[in-house]
Amino acid sequence: MNRHFLGDTTVLLGRSLRHIARSPDTIITTVITPIAMLLLFVYVLGGAIQAGTGEYVNYLLPGILIITIASGISYTAYRLFLDLQGGIFERFQSMPIARSAVLWAHVLTSLVANLISLVVVLLVALAMGFRSGAGVLGWLAVAGILVLFTLALTWLAVIPGLTASSVDGASAFAYPLIFLPFVSSAFVPTASMPGPVRAFAENQPVTSIVNTLRALFTEQPVGTGIWTALAWCVGLLVVAVTFAGITYRRRIG
Amino acid sequence: MLTGMSIPPTTDPAGRAAIHVRGLEKSFKQLTVLRGVDIDVARGSIFALLGSNGAGKTTLVKILSTLLKADAGSAEVNGLDVASQAAEVRASISLTGQFAAVDEILTGRENLILVARLRHLKGPGAIADDLLRRFSLTDAGARRVATYSGGMRRRLDIAMSLIGDPPVIFLDEPTTGLDPEARLEVWRAVRELARGGTTVLLTTQYLDEAEQLADRIAILHDGRILVNGTLDELKRLLPPAKVEYVEKQPTLEDVFLTLVGTAKSGEQR
């Protein structure tokens, strides 16, 4: 069966990418919240926020990129749910294809869609004055972390996609993820927060990822923070893939 | 009662049949859906599984198409065991589920190409064009399926199931929710399938559908097969018909179909 895995995944990926090309609103709705936040925080609140010496947009962008991913992955749950509800999922499962290709196609689609969204947000940030001196290696490291984080959250989104009983339920799960960056170093330094909040903020995944991205953008040494960030991404990915796999096998009997 | 009034199958012996089911049982938690189902379906025949909602028709079809696992009993499709040779079974079947399993955002042609590619066939474009022609969908082929009527969707759905010429096709309530014209279109497609040598197992809750299409009919009720035989055999189960003289009135269906004109009008929506 597995000899068809790559071919089947490619065919199904082509199908979902066509969905995105024909309903670009999934990209637009993904980027609209992060861009609105970027505008709000830079032009309205930014003047009152003490976050280091440089331009606030430079401080803010890493967190905005995380929010972009968090809002983009809910479409994976949404598309998967629609496939299950419409019966096309059963059609695929009753065909002689590599069964895991159905999930992988959705995951890779999410990766492509999120990378497009990230580029759009990045272009807006550049227009607003975001600048980075990072070299090719720095940008590759940024891209690598964002890809890992997208994969981890997408596999997490597969679980509600397979188990939800309504479209709303399938996509609502992303809301708390979107707010996770608020209690992190994404908008303001954690040093300004009261004790317990600060403890949470400093020990949740978003802070280490945001700090690492920020260090890469500003050509500062990333220190051990990058290993914490990578550990969170990989750990989250392993847990999400495991549970998504269990849910999938239960679902297909 | 009717239970036990089984008619010995006149088809080929076990093992040669396209579908061979013995003692199949399935429960979902507390709910027992199948309580020991036996059926045999001869190659190239149309077999109708008749039953009301909740009788277990869909569960049986899902087990035969490897989407569900049975709790007990055995089932073979095309000589392959559905539990231990699931992958091989999937290569010899097609399932058309209760709701048209088509991709709304893709065009009709793209849907067909998608399935042809997933069945690893050469020349998916030519396969798609051929099926569009056979199912009178050529003009609509380049349109998104979201714009199709219910009948067109069903036709596309069945066309997708034919790709790769699987020897056994399952049609789960193929005409539920269709208007009379679309039903006739689907019936025509099913008859054509059987003429080409494909074995068709269809489930339906419409008595006339089973009567019109099936070589053999089994009535599934409450998780058991009550009777199984040809239409004539089933009719002989009841006392001989009384001869009555009745004025033959046109049925409402006759009136409807005459007024709206069945001929080819279904395509242009």
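Trainee: Which helix of chain A has the lowest confidence, and which has the highest?

Mentor: This is a predicted model, and pLDDT is the predictor's confidence in each residue. In chain A, helix H9 (residues 174-179) is lowest, at a mean of 79. Helix H6 (residues 101-127) of chain A is highest, at 93. Chain A as a whole averages 87, and 98% of its residues score at least 70.

Trainee: What makes up chain A, helices or strands?

Mentor: Chain A has twelve helices and zero strands.

Trainee: Why is chain A called as compact as a globular protein of its length?

Mentor: Set the value against the rule. The radius of gyration of chain A is 19 Å. The globule rule gives 18 Å for 253 residues. The two values are close, so chain A counts as compact in that sense. Along its principal axes, the C-alpha trace of chain A spans about 60 × 35 × 35 Å.

Trainee: How many of the residues in chain A are buried, as a percentage?

Mentor: Buried residues make up 42% of the 253. As for contacts in chain A with a separation of 6 or more, 81% of them involve residues 24 or more positions apart.

Trainee: Why is Leu237(A) called partly exposed?

Mentor: Count its neighbours. Leu237(A) has 19 C-beta neighbours inside 10 Å. A buried residue needs 20 or more, and an exposed one has 12 or fewer. The count for Leu237(A) is 19, so it is partly exposed.

Trainee: Where does Leu237(A) lie, and which residues is it in contact with?

Mentor: Leu237(A) sits in helix H12 (residues 225-251) of chain A. Leaving aside neighbours within four places in sequence, it is in contact with Leu148(A), Leu151(A), Ala152(A) and Trp155(A). Leu153(A) is 84 residues away from Leu237(A) in sequence, yet the two are 7.4 Å apart in space, C-alpha to C-alpha.

Trainee: What makes up the side of chain A that touches chain B?

Mentor: 20 residues of chain A are in contact with 22 residues of chain B. Helix H1 (5-22) and helix H5 (88-93) of chain A each supply at least two residues of that side. H1(A) gives the most, with six. By class, the side of chain A has six nonpolar, eight polar and six charged residues.

Trainee: Now chain B. Why do E2(B) and E5(B) stand at the edges of their sheet?

Mentor: The open sheet of four strands has the order E2-E1-E4-E5, with antiparallel pairing. Strand E2 (31-41) and strand E5 (80-81) of chain B each have a single partner strand, so one side of each is left without a neighbour in the sheet. E2(B) is joined to strand E1 (residues 19-28) of chain B by eight bridges. In E2(B), Val37(B) is the bridge partner of Leu24(B). Helix H1 (residues 57-64) of chain B packs on this sheet, and its direction makes about 120° with that of E1(B).

Trainee: How do you know that E9(B) and E10(B) pair?

Mentor: Pairing takes at least two bridges. Strand E9 (residues 216-221) of chain B has five bridges with E10(B), so the two strands pair, in the antiparallel sense. Ile219(B) stands opposite Val227(B) in E10(B). Both strands belong to an open sheet of six, E6-E7-E8-E3-E9-E10, with mixed pairing. Strand E6 (93-96) and strand E10 (224-229) of chain B are its edge strands. Neighbouring strands of this sheet are turned by 15° against each other on average, direction ignored.

How values were computed
Residues are numbered from 1 along each chain as its sequence is written. Chains are lettered from A and ligands numbered from 1 in the order in which they are written. This is a predicted model: local features need pLDDT of at least 70, side-chain atom pairs count only at pLDDT 80 or more; totals for chains, interfaces and linings use all residues. Two residues are in contact if their C-beta atoms, placed from the backbone, lie within 7 Å. Axes are lines fitted to C-alpha atoms, for helices over the stretch in contact, and angles run from 0 to 180 degrees between N-to-C directions. pLDDT is the predictor's confidence in each residue, from 0 to 100. The radius of gyration is taken over C-alpha atoms; the globule rule is 2.2 Å times the number of residues to the power 0.38. Ala, Val, Leu, Ile, Met, Phe, Trp, Tyr, Cys and Pro count as nonpolar, Asp, Glu, Lys and Arg as charged, and the others, Gly among them, as polar.
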